[in-house]
Amino acid sequence: MTTPTADRHLLFINGTRTEGTSGRDHEVVSPATGELVGTFPVPSAADVDAAVRAANEAQPAWAATNVWDRAEVCHRIGTELGRRVDELARLQTLEQGKPLAESVADIEEAAKLFHLHAEDAVRLHGETLLSTDNTKRMFTFHRAVGTWGIITPWNFPLLMLAEFVAPGLATGNAHVVKPPANTPLTVLRAMEAFTAAGVPEGLVNIVPGEGDTGEALVRHDGIHAIGFIGSSATGARIQAAAGLKRSVMECSGNGPLVVLADADVEAAAKAAVDGAYPCAGQVCCATERVVVHRDVHDAFVEAVLREAGRITLGDPFDPATVLGPLNNEGVAAKMDRHMADARERGADILLGGRRAPGHPTDLYYEFTVVDGVPEDSLLSREESFGPVVPIITGQDEDDLLRIANDDRLGLQGAVFTRSMTSAFRFIEEMAVGQVVVNESNNWWDINMPFGGAGGRSTGWGRIGGKWTLMDMTDTRTGVISL
């Protein structure tokens, strides 16, 4: 194990490190060792207000800045983050618990997002529109919304900040970001890169904390829009508090990964396992439900168990480890609850299904494979957010599609088939925002529009590529009389 250095990390408001005004501290503890990683001041309502005021004061001048100059600043942020990958990845693994190789990939992706959106911003064009009145000429253009309140989750601390702040800065917005209290340190340390890149004071402010900090941010009159990534339950509370404020909401997912009768079973089994262990399964598009055609069920289960043999649970700083601990007791308790429900309902736990003994903390969970999962079980109905492959059997293609869509969430799905006809059917009829064919449900690309669909409890708006820039700006129209 790597022994953490318990540094103190201050709030970041108006370009300055500050102790804030609450007089209270919060400790961040390693899920891997139980040791203290660092501390930070708990922000007060006055600190949130100061951050919002700083953002609102800085934003108009930034929005008026030439887009090429804004893009250059974003490129510099990406470069500065790239120089700090090792340092930031180590800190993220300490506070989050994921294997170091995953943290390195996360920080590298965060840096890429600033380069990507710098290029997107200089190509965010409007349109000339035809009018029914020949004496009028119409055109559209994009302008920043103003100050965004950003609430990010604990599974990808810096990457998910970048998913909003990179397109937001590129398009002229300001930001007040509330990272979660259990993984804020990587984000606070990353502000050194923003300062080195020359980001004007007030455009990015960091006030980590619990729900009361988030509520103060969402309800603040100076916040013009909300960006949120997290659970559907929290998203619903945020939206109730935000009222008519503009928002981009990327909430929970629950698969599915569908395996048709003509699928490459070995590839599907590898994909199911590959989607279940990264970040210990704590990913919104992880392998949450696997719906398998009865004709290939037995072969698929055998292949999954073979693939599961390569999953090594252990110290996240050990290069041999691919599965680290869960991040917090809430997620571990949810896994316990789901597994107890599966046992009660007669599901067959083929592998794992419990917390792993012999580790420094109680947050290490065995890689788990469950067969015969009932459709009405918690494993099927709720996002487990742990390292589990739950297998449900369907009778035919229609039944597989029915099971896939019989869920209140609709984020991302996958389908394995050799038939282009079946592939297109599932792409068009699966009630999710993205369908990946012959690849892991957990597959993602920084340039794809990612988000929910199908009228489900998964939110709205898109994260990724030019689509986030469009969501974070107002489309305005000019009309000229000739």
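**Entry 1: pockets**

A pocket is an open set of grid points where a 1.4 Å probe fits, with protein on both sides within 12 Å along at least five of seven lines. I start with that term and note that the model is predicted. Rolling a probe the size of a water molecule over the atoms shows where empty space is left.

I looked up the second largest pocket. Its volume is about 490 Å³. I found 20 residues lining this pocket, and the closest to its centre are Asp106, Phe156, Leu159, Asn442 and Trp444. Helices next. α4 (100-121) and α5 (157-170) each supply at least two residues of the lining. The largest share comes from α4, with five residues. I then sorted the lining of the second largest pocket by class: 13 residues are nonpolar, one is polar and six are charged.

How much space lies in the largest pocket? I noted about 960 Å³. The lining of the largest pocket has 37 residues; Phe228, Gly230, Ser231, Thr234 and Arg237 are the closest to the centre. Which of them gives the most? It is α8, with six residues. By class, I wrote down 16 nonpolar, 12 polar and nine charged residues for the largest pocket.

**Entry 2: a sheet**

Strands of a sheet pair through backbone hydrogen bonds, either parallel or antiparallel. I traced an open sheet of seven strands with mixed pairing. I read its order as β15-β16-β17-β14-β13-β18-β19. Which strands stand at the edges? They are β15 (348-351) and β19 (434-437). Each has a single partner strand, so one side of each is left without a neighbour in the sheet. Neighbouring strands of this sheet are turned by 25° against each other on average, direction ignored.

β15 pairs with β16 (residues 368-371) in the antiparallel sense, over three bridges. In this pair, Asp348 stands opposite Asp371 in β16.

**Entry 3: cysteines**

I came back to Cys279 for its backbone. Its phi is positive, about 55°, although Cys279 is not a glycine. I placed Cys279 in the loop between α9 (265-274) and β14 (290-293).

Phe385 is another entry on this list. Its phi is positive at about 65°, and Phe385 is not a glycine either. I found Phe385 in the loop between α12 (378-381) and β17 (388-394). Its relative accessible area is 14%. Buried means under 20%, so Phe385 counts as buried.

Last, I checked a proline. Which residues does the cis peptide bond join? It joins Gly255 and Pro256, with omega about 5°. Pro256 lies in the loop between β12 (246-250) and β13 (257-259).

Definitions and conventions: Residues are numbered from 1 along each chain as its sequence is written. This is a predicted model: local features need pLDDT of at least 70, side-chain atom pairs count only at pLDDT 80 or more; totals for chains, interfaces and linings use all residues. Side-chain values use heavy atoms; hydrogens and water are left out. On a 1 Å grid over the protein atoms alone, a cavity is a set of points where a 1.4 Å probe fits but cannot get out, and a pocket is an open set with protein on both sides within 12 Å along at least five of seven lines; lining residues have an atom within 4 Å of a point. Grid points are joined across faces, edges and corners, and a volume is the space filled by probe spheres set on the points. Helices (H or I, at least four residues) and strands (E, at least two) are DSSP runs, numbered from the N terminus. Ala, Val, Leu, Ile, Met, Phe, Trp, Tyr, Cys and Pro count as nonpolar, Asp, Glu, Lys and Arg as charged, and the others, Gly among them, as polar. Two strands pair if DSSP finds at least two bridges between them. Axes are lines fitted to C-alpha atoms, for helices over the stretch in contact, and angles run from 0 to 180 degrees between N-to-C directions. Buried means under 20% relative accessible area, exposed over 50%, partly exposed in between (1.4 Å probe, protein chains only).
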